[in-house]
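Trainee: I would like to learn how to read a structure feature by feature, with the criteria stated as we go. Could we work through one together?

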Amino acid sequence: MNYSTYANRLLAHYWHQCFLCVFLILLGIFGCGGDEVDTADDEVDTAGAEVNTAAKIVGTWELKTIDGKKPKAYVQQDIEDETAEVLAVENKILFASNGIFRQETLITTRGLILDSPTPVYIRSVLRITTKGRYAVSISTVVFIYSNDDSDIKLDLSLDTPGNPKLKQQLEQQAEWKELKATAKQEAPHDFRLDLDIQTLELEGEILTSTNNGKVIYTKR
C-alpha cells in the first residue's frame, strides 16, 4: 500500500485538528483575552465574595457544552473533510487550592483512507495540556501561565475493523513508519499564552464562561 499519495492531505488534516483544539481551549474557560480590571475600590466589600468563590471553584471541572453543543459535535461541525470523523472530545480543568490550574484536552479522530475491499482508517489522538496559576476576584479569574505552560502530543495509529491481520501487515510498511515519524516531527509541540482575565459564572456545580460564546463546565 502506497501512503505517499495521501500523506500530505492526512497531515494537513491532523494539523488542522491541532489548531482547532488550541482554538477550543481559547474559546473555553481561558477565552481569547480580556481587559484588565481594577477591583481595589471594592476590596472591602468584595473580600468575602472572593474567598467564597475561590473555595467553591477548587476541584475538577469537565467541559459539557459549547454554545449549546456537545464538544464532539462542536468540533465535528468545523471539519471540512467528509471522510474524517470525530470519535471523542474531552476537556477538563483542575483548580487546586494552592492557586495552580491544569487543563487537559483530548481529541480523537479517524480518517478513512481506503474503503475497499476492507476499510482502513488512520486514527489520531491529540493531547494538549496547559497549566499555570490563577487568582479569583469576585466572578473574575486571572490566569498566569507558567514558562512551560503547554504540551502537545499527537499519536497516529491504523484501524482496520474486523481485519487485525491487515493492520499488522500495514504497520510493517516503510511508508507507514515514515508517516508516523513525519507526524511527530512536524506537529507543534507547545505554544505560549499570556496573562488572561476571564469572567465566570459559578452556580452550584455549574461553571459558565461567556467571554467567547457560552461554555459550560460541570464539577466532577
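**Reading strands, cores and a pocket**

Mentor: T65 is buried, as its relative accessible area is 17%, where buried means under 20% relative accessible area, exposed over 50% and partly exposed in between (1.4 Å probe, protein chains only). This is a predicted model, in which local features need pLDDT of at least 70 and side-chain atom pairs count only at pLDDT 80 or more, while totals for chains, interfaces and linings use all residues. Residues are numbered from 1 along each chain as its sequence is written, and side-chain values use heavy atoms, with hydrogens and water left out.

Trainee: Where is T65 found, and with which residues is T65 in contact?

Mentor: T65 belongs to strand 1, and helices (H or I, at least four residues) and strands (E, at least two) are DSSP runs numbered from the N terminus. Contact means heavy atoms within 4.5 Å; leaving aside neighbours within four places in sequence, T65 is in contact with P71, K214, V215 and I216.

Trainee: How many helices and strands are there in the protein, and what pattern does the protein follow along the sequence?

Mentor: The protein has 5 helices and 8 strands, and read along the sequence they give α-α-β-α-β-β-β-β-α-α-β-β-β. Of its 220 residues, 43% count as buried. Among contacts between residues at least 6 apart in sequence, 69% join residues at least 24 apart.

Trainee: How should I read strand pairing, and how many bridges join strand 3 to strand 4?

Mentor: Two strands pair if DSSP finds at least two bridges between them. Strand 3 and strand 4 run antiparallel and are joined by 14 bridges, forming a hairpin with 5 residues between them; within this pairing, T109 stands opposite S124 in strand 4. Strand 4 is mostly covered, with 13 of its 18 residues buried.

Trainee: In which sense do strand 6 and strand 7 pair?

Mentor: Strand 6 (residues 196–203) and strand 7 (residues 206–209) pair in the antiparallel sense over 4 bridges, and L202 stands opposite L207 in strand 7. These two strands form a hairpin with 2 residues between them, and G204 in the turn has a positive phi of about 65°. A positive phi of about 50° is also found at D67, although D67 is not a glycine. D67 lies in the loop between strand 1 and helix 3 (71–76) and, at 43% relative accessibility, counts as partly exposed.

Trainee: How is a nonpolar core defined, and which residues in the largest one touch the most other members?

Mentor: A nonpolar core is a set of buried Ala, Val, Leu, Ile, Met, Phe, Trp, Tyr and Cys residues joined through side-chain atoms within 4.5 Å. The largest has 17 residues, of which I57, F95, Y134 and F143 touch the most other members. The elements that give two or more residues to this core are strand 1 (59–66), strand 2, strand 4, strand 5 and strand 8 (215–219). A second, separate core of 14 residues includes L126, I152, L158 and L166.

Trainee: Is L166 buried or exposed, and which residues does L166 touch?

Mentor: L166, in helix 4 (residues 164–171), is buried, with a relative accessible area of 18%. Not counting residues up to four places away in sequence, L166 touches T118, V120 and T160. L166 and V120 are 46 residues apart in sequence, yet their C-alpha atoms are 9.0 Å apart in space.

Trainee: Finally, how do I read a pocket, and what volume does the largest pocket have?

Mentor: Rolling a probe the size of a water molecule over the atoms shows where empty space is left. On a 1 Å grid over the protein atoms alone, a cavity is a set of points where a 1.4 Å probe fits but cannot get out, whereas a pocket is an open set with protein on both sides within 12 Å along at least five of seven lines, and lining residues have an atom within 4 Å of a point. Grid points are joined across faces, edges and corners, and a volume is the space filled by probe spheres set on the points. Here the largest pocket has a volume of about 240 Å³. Of the 13 residues that line this pocket, the closest to its centre are E90, K92, E104, T105 and L106.

Trainee: Which strands each supply at least two residues of that lining?

Mentor: They are strand 2 (84–95), strand 3 (100–114), strand 4 (120–137) and strand 5 (140–159).
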